[in-house]
Amino acid sequence: MAAADWGGKADHLAGERATAQFDVDGMKVAWAGSRHAVEVADRMACLVASDPVFRKDTRTMLSRKELFKDTLKKAAHAWKRTVELHLTEEEANLLRLYIDQPGYVDLHWVMFVPAIKGQGTEEQQKKWLTMAYKFQIIGTYAQTELGHGSNVQGLETTATFDPSTDEFIMHSPTLTSSKWWPGGLGKTSTHAVVYARLITEGKDYGIHGFIMQLRSLDDHSPLPGITIGDIGGKFGSGAYNSMDNGVMRLDHVRIPRDQMLMRLAQVTREGKYVHSDVPKQLLYGTMVYVRQTIVADASRALSRAVCIAVRYGAIRKQFGSKAGGPETQVLNYKTQQSRLFPFLASAYAFRFVGQWLKWLYTDVTQKLESKDFSTLPEAHACTAGLKSVTTSATADAIEECQKLCGGHGYLNSSGLPELFAVNLPACTYEGDNVVLLLQVARFLMKTVSQVASGKQPVGTTAYMGNIQHLMQCKSVVNTVEDWLNPAAIKEVFEARALRMAVNCAQNISKAPSQEEGFSELSPDLVEAAVAHVQLIIVTKFIEKLQEDILGHGVKEQLQKLCGIYALHLIHKHLGDFLSTGCVTARQGSLANERLGKLYAQVRPNAVALVDAFDYTDHYLGSALGRYDGDVYSALYKEAWKDPLNETVVPDGYQEHLRPLLKQQLKLSRL
Ligand SMILES: CCCCCCCCCCCCCCCCCCCCCCCCC/C=C/C(=O)SCCNC(=O)CCNC(=O)[C@H](O)C(C)(C)COP(=O)(O)OP(=O)(O)OC[C@H]1O[C@@H](n2cnc3c(N)ncnc32)[C@H](O)[C@@H]1OP(=O)(O)O
Ligand SMILES: Cc1cc2nc3c(=O)[nH]c(=O)nc-3n(C[C@H](O)[C@H](O)[C@H](O)COP(=O)(O)OP(=O)(O)OC[C@H]3O[C@@H](n4cnc5c(N)ncnc54)[C@H](O)[C@@H]3O)c2cc1C
């Protein structure tokens, strides 16, 4: 597939591909999840790559206005193709992913529609979703305000019920209550789910969702009482600047009572507040849904960066042998491998845990439909924790991949700066990563106290039930080979996570109050939460290896990557493992030795392992990551596309350069 995209020219990476010890097609299936998934992804990637409207090679050179217009054009064209080709939901999602440009459609489909689905009554869904599915209206998710993002309960926008007209009055009472950040709000959305404090009969009932029309469906002008605009340029060229994140102020805007999303709570015609018998946390359901999708996004972004750095590392050569022989591929340097291969392993690890999280989310949703809310706290902890750990690791890794590519990695044409700028905010949106890890910690502290009172935990915390053993066990590892044993690896991750959580719980119990203890211990709690989430990722990777995996050598490669993922974490967090007494210093150094051997075994397979991601050159968008490895011609060609090169003598020469040079020349002659 990617080979077709490359067009049959010389393959500078052919030698690398020849050394692969596994079936790349089999690995593509393992990565994508099924043969069907590979086939659909290929078709959609080709559709995008072959359509000139979806070109993105000059995107970082566009002004903000040009970029925004380009996004509108791409979105409209994509929708036209979706309708013409009768694309399924799966295909349309992939189409959007391969177009690879953030835009208002993301908020419409990923937040506006799910918010109405999750929080609207059947009647409300019928009314609003019918229009939303046909793009007769464009929606966004307006929660965050200038003054509050993380603290949802602290939002200030008010929705005051007026029984005399059967309406809510939507109002921004202060500057800090201005809605700030919602994607698509700035220039595009016609509607929004707006989160506001519900006030009826003089009482504040806290945050609820309301559907509001923002702009005229005739001429797109804001409706009376609504002040609306874009919040301004964001980090990087191109990148997230294609999105019109917006600001909105409401001045006593009236909406009918039936535009309050009424599945979780209602306000009657008389103004009585009635709460349904469902947990109020379902108000946060849309965020849980999106956090789950963000884990899959993180693995995709990380795999793109790794693909670029591995292919380029195989092409780039620096320094020869002492005897003046050929220069060395930078990928052969052990330091390069120890920095890059953990990212390769992480990309696979995040992909598999993302597939599992999708299953968990579907399972919880089915349970919620039959009014079983028991798994909601675990779903919240898993989505929050995995979103945090995978997006933070991905942002750090993309930045490191830029350094791994040396100077050329810093060029926009490497694709890495834009990839970084687009994925960095994932550490913040849908919940700041630290704030979310503290939610995981809160869940862990509750579980520890339940275990102490004899309750058997289930799901991802089931290991905590094995407290007697895990609090005192010593790792059985005695040789380098012992670190190949998944059970030995899992045991040390379980013991580390449990001991860190129990330490925190014991220290909190010594504080004057639970709240003070939690606040004082919060840095440790964040680390305990990370340890728990890393355990989940390691466990799900190990479980993946127990499935039927077809294709020559595929399982063996995945076993090596699983080993690298787990052992590099032991190396990186050795302090945790040592201080909790899970491993000894000697076992730590054996793990490191094993890691070095695994890097050497992965090296001949590295290019094939990134080929298995099955990315087209269009999607990768990188002169350094090209499938054919023809890096230098690509870099050279890309440079000439820059607007600065449109003229040989630059604009500004006459006004600023020439007078300066002349002046200096005159001075030197004096
Ligand atoms: C141009 C191209 C065009 C292409 C066109 C194609 C056309 C075809 C179309 C096809 C389809 C397209 C598909 C598109 C695919 C797109 C792909 C892109 C995806 C990426 C999209 C990402 C976009 C992101 C945009 C960003 C949005 C946002 O950021 S929205 C705002 C998010 N805000 C937050 O996350 C706020 C964080 N804060 C909180 O969540 C809470 O305040 C808190 C959790 C931190 C605290 O809560 P609270 O104040 O209530 O306090 P407590 O801590 O006391 O909690 C109380 C109890 O509740 C429990 N709890 C908390 N949260 C939850 C929860 N979520 N679920 C369950 N329970 C919860 C908490 O644990 C407490 O429980 P206990 O009391 O302890 O039991
Ligand atoms: C690109 C982008 C797109 C977005 N899209 C949308 C959208 O479509 N709709 C929408 O409603 N919102 C959107 N947001 C807003 C986003 O959800 C918020 O920015 C996010 O929830 C973080 O909130 P904040 O900005 O208020 O950060 P703050 O909470 O102010 O965080 C600042 C710092 O304080 C720390 N902190 C905060 N609380 C605590 C605590 N309790 N304990 C310890 N540390 C703490 C954080 O870790 C962080 O380091 C978007 C944001 C971005 C960047």
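Helices (H or I, at least four residues) and strands (E, at least two) are DSSP runs, numbered from the N terminus. The structure is a predicted model, in which local features need pLDDT of at least 70, side-chain atom pairs count only at pLDDT 80 or more, and totals for chains, interfaces and linings use all residues. Residues are numbered from 1 along each chain as its sequence is written, and side-chain values use heavy atoms, without hydrogens and water.

The shell around ligand 1 (residues with a heavy atom within 4 Å of it) receives its largest share, five residues, from H7. At least two residues each come from helices H5 (64–84), H6 (89–99), H7 (104–119), H9 (285–315) and H13 (433–452). Of the 35 residues around ligand 1, those that come nearest are Ser 150, Tyr 284, Gln 439, Arg 442 and Lys 446.

Polar side-chain atoms approach the ligand at several points. For Tyr 284, such an atom lies 2.7 Å from an oxygen atom of ligand 1; for Gln 439, the distance to an oxygen atom is 2.8 Å. A polar side-chain atom of Gln 143 lies 3.3 Å from a nitrogen atom of ligand 1. Of the 1,600 Å² of accessible area that ligand 1 has on its own, the protein covers 85% (Shrake-Rupley method, 1.4 Å probe).

Thr 268 is placed in the loop between strand E10 (265–267) and strand E11 (273–275). Thr 268 counts as partly exposed because its relative accessibility is 23% (buried is under 20%, exposed over 50%, partly exposed in between; 1.4 Å probe, protein chains only). By contrast, helix H17 (residues 522–545) has 19 of its 24 residues buried.

Definitions and conventions:
Chains are lettered from A and ligands numbered from 1 in the order in which they are written. The expected span of a helix is 1.5 Å times one less than its number of residues. A polar contact is a pair of N or O atoms within 3.5 Å; within protein, one must be able to donate a hydrogen and the other to accept it, and residues adjacent in sequence count only if both atoms are side-chain atoms.
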